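Thanks, everyone. I'll keep this short. Please have a look at the model first.

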Amino acid sequence: MPYVHWSDDLDTGIPVIDNQHKRIVEYINRLCEAVEGRASREEVHEVLDQVVDYTLTHFAFEEEMLEIVEYPDLDRHRRSHEAFSQRIRQYQQDFADGQDVASELGETLRDWLMNHIRKDDHEYGHMVRDWMRSHAPNGILQN
């Protein structure tokens, strides 16, 4: 499973979101390391749970932020998150049921995340940055 490498085209210009995305990338790479390093099933399970939990937490944060700025495509964005959340929860369940899906989950997370950031998240970037300049000049969403 190839590692994820952060590149400038993934930056949204929203520090708190970019930092969360970078953390998801770190988790995906930890999952790669666990799978490739032949870690125990329990260790892989722990990393898998961490990446799924953090990703779902990120989705909730992002949706709340988009609600605050009254993003017009929030429903579509939320549906995208929901569909992917169901997919990764199924992988999580399959792994818990004994299936060897950790590598496939890592690849799915990597591919989906890169595409989602480059397309969907970049679409809202300008609106959130504008909102931040006018409503949160002291950097409330900077970290």
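One definition before we start: a residue counts as buried under 20% relative accessible area. Tryptophan 112 has 16%, so it is buried. Keep that residue in mind. And a reminder: this is a predicted model.

Now the overall picture. The chain has four helices and zero strands. Read along the sequence, that gives α-α-α-α. The C-alpha trace spans about 50 × 25 × 20 Å along its principal axes. The radius of gyration is 16 Å; a compact globule of 143 residues would be near 15 Å, which agrees. Of the 143 residues, 45% count as buried. Take contacts between residues at least 6 apart in sequence: 76% of them join residues at least 24 apart.

On to charge. There are 15 positive and 30 negative side chains. The centres of the two sets lie 3 Å apart.

Next, the rings. The whole structure holds five aromatic pairs. One of them joins phenylalanine 59 and tryptophan 112: centres 5.5 Å apart, planes at 65°, so edge-to-face. Phenylalanine 59 sits in helix H2, residues 41–68, and tryptophan 112 in helix H4, residues 102–135, so this pair ties together parts 53 residues apart in sequence. Both residues are buried.

How is the pair of phenylalanine 84 and tryptophan 112 arranged? Stacked, at 4.0 Å centre to centre, with 10° between the planes. Phenylalanine 84 belongs to helix H3, residues 74–96, and lies 28 residues from tryptophan 112 in helix H4. Phenylalanine 84 is buried too, at 2% relative accessibility.

So, to close: ring pairs link Phe59, Phe84 and Trp112 into a cluster.

Conventions. Residues numbered from 1 in each chain as written. Predicted model: local features only at pLDDT ≥ 70, side-chain atom pairs only at ≥ 80, totals over all residues. Heavy atoms only, no water. Helix = DSSP H or I, 4+ residues; strand = E, 2+ residues; numbered from the N terminus. Rg over C-alpha atoms; globule rule 2.2 N^0.38 Å. Buried < 20%, exposed > 50% of the residue type's maximum accessible area, 1.4 Å probe, protein only. Contact = heavy atoms within 4.5 Å. Lys, Arg positive; Asp, Glu negative; His and termini not counted. Charge placed at Lys NZ, Arg CZ, Asp CG, Glu CD. Phe/Tyr/Trp six-rings, centres within 6.5 Å; stacked < 30°, edge-to-face > 60°.
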